[in-house]
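Please walk me through this structure in plain terms.

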Amino acid sequence: MVTQDDCGSTSEARPTLSKPLSKQAAIEVLLARVQPIADTESIPTEFGLGRILATPVTSTIPVPGWDNSAMDGYAIRHADLAAQDGRLRVTQRIPAGTTGTPLEPGTAARIFTGAPVPAGADTVVIQEVCTRAGETVVIPLDAKAGANIRRVGEDIQAGARVIAAGTRLAPQHLGLAASVGVAELQVYRRLRVAMLASGDELAMPGEPLGPGQIYNSNRYTLRGLLQGLGCEILDLGIVADTLDDTIEALRRGAAVADLIIASGGVSVGEEDHLKPAVERLGRLDLWNIAMRPGKPVACGRVGETPFFGSPGNPVSLFVTCCLFARPLILHMQGVTGDLTPRTLKLRAGFDWPKPDRRTEFHRARLETGEDGELELAVYPTRSSAVLSSVAWAEGLIEIAPGQVIRRGDRVDFIPFANLFH
């Protein structure tokens, strides 16, 4: 349903399918050839969590809207301290939500956090250093002038842009929008993603397994990832291992979705029909990625609808969707900025003496080393069929081709916490 310069753009040269691409090159191809959706809608600010802001939020008011007290204490004229030897008569009480009267010379106002500072006062002294005796307060002579006052517009100036378009809204963004009085937000509509799984060997949980069958875990992994990214999910179910059934499923997805994501069937075996089916209906632009797990990854279009195909092995699906489908989806949703997964440099608690010729993304988690410091431990097998490894892990270690790692080396770690939102 995307009609602009999408995965099927004919104005750019297609990558060579037989030559593996690097991770970064693959991401660049994906993002360069797909345009964000343009449709927007207005929603109440309270329901904006996870949505993508289409129109920036601009404040019509300053925040704070007036000079106010940052602490519970006493509002004074600082010059009165020396003149009165620190002894000032308390003439008013100003809780938050009320406004006091102008401060008379030689007096103090009992004031509370958030309350407007009365005209004439230039300092708030915290209550902990003051001594109250009836209607008089004794204030240290060394109290700092101008202290403990939050000035008007100190946080936000009227007319300031406080949230940029393209921001994926987190709880703090909703609070910030509310703080400047914004009751509704203009956001992009949810991205419609059609998902399908290919394979006669698949059965759904709750059904008895037939000979040679396995449960369709990929459906639940992929659905969870899409839900976490705020997509509207259109589930096309399990597609039989025939070219006709695959073509029909892709046609149905292209008619209703902004993006089609398929698991399984993207390799070159006799029963892998997604590649020829996509080429029959559109074109395939990306094929091999120089990585492990997840080398066979497909990108293209079905008609005018972008298509992303991941391997069927559960770890390969998980890794390729995190690394490639996630930035693709964020880009199509209208998210701006750097969409590549963020990495941390952390200490290896393992040796990696036999590297691969491809970039490896191995499952890892943080553990406490013998010296009490945090370090990374890796899962003992590289198999892309062991789904329990990603449940055990807290992230992925990115290992460059030919990279030998020794215990104590700093390695690149991609936390799952940076991916699942």
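Asn148 sits in the loop that runs between strand S9 (136–138) and strand S10 (149–150). The model is predicted: local features need pLDDT of at least 70, side-chain atom pairs count only at pLDDT 80 or more, and totals for chains, interfaces and linings use all residues. Residues are numbered from 1 along each chain as its sequence is written, and side-chain values use heavy atoms, with hydrogens and water left out.

Asn148 is not a glycine, yet its phi is positive, about 60°. Most residues other than glycine have a negative phi, and most peptide bonds are trans. Asn148 counts as partly exposed because its relative accessibility is 28%; buried means under 20% relative accessible area, exposed means over 50%, and partly exposed lies in between (1.4 Å probe, protein chains only). Asp85, also not a glycine, has a positive phi of about 55°. Asp85 belongs to the loop between helix H2 (79–83) and strand S5 (87–94). With a relative accessible area of 53%, Asp85 is exposed.

Next come the cis peptide bonds. One runs from Val63 to Pro64, with omega near -5°, and Pro64 lies in the loop between strand S2 (57–58) and strand S3 (68–69). Another cis bond joins Arg292 and Pro293, where omega is about -5°. Pro293 is placed in the loop between strand S19 (291–292) and strand S20 (296–302).

Is Ser316 buried or exposed? Ser316 counts as buried because its relative accessibility is 4%.

Val386 lies in the loop between strand S24 (374–378) and helix H8 (388–392). At 23% relative accessibility, Val386 counts as partly exposed. Apart from neighbours within four places in sequence, Val386 is in contact with Val315, Tyr379 and Thr381. Val386 and Ser217 are 169 residues apart in sequence, while their C-alpha atoms are 12 Å apart in space.

Now to strand pairing, where two strands pair if DSSP finds at least two bridges between them. Strand S26 (residues 410–415) pairs with strand S22 (residues 344–347) in the antiparallel sense over 4 bridges. Arg347 has Arg410 of S26 as its bridge partner. S26 also pairs with strand S25 (residues 395–399), antiparallel and over 4 bridges. Here Leu396 stands opposite Ile414 in S26.

Finally, the whole chain. The protein chain has 8 helices and 26 strands. Its C-alpha atoms fill a box of roughly 95 × 55 × 45 Å, taken along the principal axes. The radius of gyration of the protein chain is 30 Å, whereas a compact globule of 421 residues would have one near 22 Å; the radius is taken over C-alpha atoms, and the globule rule is 2.2 Å times the number of residues to the power 0.38. Of the 421 residues, 49% count as buried. Among contacts between residues at least 6 apart in sequence, 71% join residues at least 24 apart.

Terms used:
Helix = DSSP H or I, 4+ residues; strand = E, 2+ residues; numbered from the N terminus. Contact = heavy atoms within 4.5 Å.
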